[in-house]
Each structure stands twice: as structure tokens, then as C-alpha cells.
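Me: I would like to go through this structure with you. Could you take my questions one at a time?

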Amino acid sequence: MRKFLAVTRHEFKKAAANKTFVIITILGPFLLLAVTVLPTLFSNDAASVSGGKPIGVIASTDALWEQLSTGLQAAGLESARVTDPVNGKAAVLEGSYAALVEQGALWPDEPCRFYSRSGTDMVVYSAIASVLDSYAMELRMGQLGLSQDQARLLLSKPGMSMVKLGHDSSEEEKQEQDFLAILMTSLSFVMALYMTVLLYGQMIGRSVVLEKTNKTVEIMLSSISSKALMFGKIVGLGMAALVQYGVWMLMAALLLRIVGPALGIALPATLTIGN
């Protein structure tokens, strides 16, 4: 038992005194949030993706311009009407516009063109395409003899609300943001488990390989059994991992109890001390 504890103490000190361990322990939660939560939040927010820059719109009719500007405003995007395609494209390249939408005279029988610097602005593209699709359907229904009010009535969606049932027959209505918060919180916890299990598993493997390469394992096995040596490594590194988890939980508790309320940060409801 004394030799087992000696191995455990040695592996714990070797892991906890490492600079990488200290850096990951302090910055780990922030890196985890940056990798899992922030990209999803930004990718679902068209205003954040556009960087606050307006969307240039080349519209052949005043009605289409009003429809697009209203739809983009509802999505949190600013719009600016453009008359010259050359100047509009130049403004996109200069960064004055986040993107440019060009609608030809034959629209909706011919597609619009969406110009951007990256060509991957799918959130902004989807918001504009949704507005254009709805308006194109209204126009085509009008061509079939339906009034604008009738067309909008046909295109209106009833929607569906999500209700969570409790064990005491209580009902709690959920929003789409609640589902996203639950998904991201679960993903963050799973990523934390995956990263730490992978990291400390590799550390045990490296320790065994290093001792085998340096020919020190034979000397150690002359005074301790192989089982005690292996379990000492696992327990020592496991204790280091638990210390790291303890620091992360302390940081989470401070964020939930002190930092979050003080700064007015809207934290997900699923991010609780219990979880």
C-alpha cells in the first residue's frame, strides 16, 4: 500500500505541476464555450453575422423593395436600396455592405443573385431567401386571381408550441431558445467529458511508454507489482482530473451565483449548480 501511494502521489504531482494542466484548468471552460456555444449563437443571429452592415438591395419594383426591407428589418438586418449593380458590388468588396441582392426584371421567373465577399453567409442568405419566397408566392397567387389578403391567409402558418409535462401534472411551455440552450448545455458537458477522458487516457499511455523507453519500468517492477504500478498511475492521474473538475465547478458556481447576476448575463436555465 505504501508503494502504491508513492506512485499515486508521484503521478498526481507530475500531472498537476505541468504548465499545460494549469493553463487548461484556467482556460478550459472558456475554450469549451468558445468552441460549442458561441459559434451556434452567432450562426443563428443574422445581425451578428452581418456585423451591423446593411444589405444592398437592387429591386425592380417599389413593392419588392418595401417587402424586402420590412422582412430584413424583422430579421434584425438593415437594408439600403442600390440602383447601380457595379457600385453595389464595389461596396460589398470594400466592406460597406454585408451583401448585395440583385433582383432582375423577370423575377420571380428568374432567380435573384446574392453577392458576398465570402460566399458562405448562409444565415443572411436564408433570411433573404425566406422573404423572397413568401413574396413570390403572394405574387403568383395574385396572378391566379387571389387577393393579397387571401394569399397571406393561405401562407400563414399556425405554428406549434412545445409543452413540458412534469411529474406533478404541471405544464411548462418551452420556446425554441430553451431547446437550443438544453442542446448546447448538454453538448458542453459531453465535450468536457470527452476531452478529459481522451487527455488523461493519453497521459497514462505516454507515461507507460516513456518508462518503457527509458528502461525504468524494469527497475520499478523489481520493488512493486505491475498491478499496483498501473493502478497507482490511474488513481494519481484520476485525482488530478478530479481537481481540474473541482476548479471548473467552482468557476461555474461563481459565474452562476455572483458574476452572472452582477453583470446581468442571461444564462441558460439548464446551466444550474445541480447539473
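Me: Is Lys233 buried or exposed?
Reply: Lys233 is buried, at a relative accessible area of 2%. Buried means under 20% relative accessible area, exposed over 50% and partly exposed in between, with a 1.4 Å probe and protein chains only. This is a predicted model, in which local features need pLDDT of at least 70 and side-chain atom pairs count only at pLDDT 80 or more, while totals for chains, interfaces and linings use all residues. Residues are numbered from 1 along each chain as its sequence is written, and side-chain values use heavy atoms, with hydrogens and water left out.

Me: Which residue forms a salt bridge with Lys233?
Reply: Glu11 does, with the closest N and O atoms 3.0 Å apart. A salt bridge here is a side-chain nitrogen of Lys or Arg within 4 Å of a carboxyl oxygen of Asp or Glu. The pair links distant parts of the chain, 222 residues apart: Lys233 is in helix H11 (residues 226–263) and Glu11 in helix H1. Helices are DSSP runs of H or I with at least four residues, strands are runs of E with at least two, and both are numbered from the N terminus.

Me: And what about Lys14?
Reply: Lys14 also forms a salt bridge with Glu11, at 3.6 Å between the closest N and O atoms. Lys14 is partly exposed at 40% relative accessibility, whereas Glu11 is buried at 2%.

Me: Changing topic, where does Thr25 lie?
Reply: Thr25 lies in helix H2 and is buried, at 7% relative accessible area.
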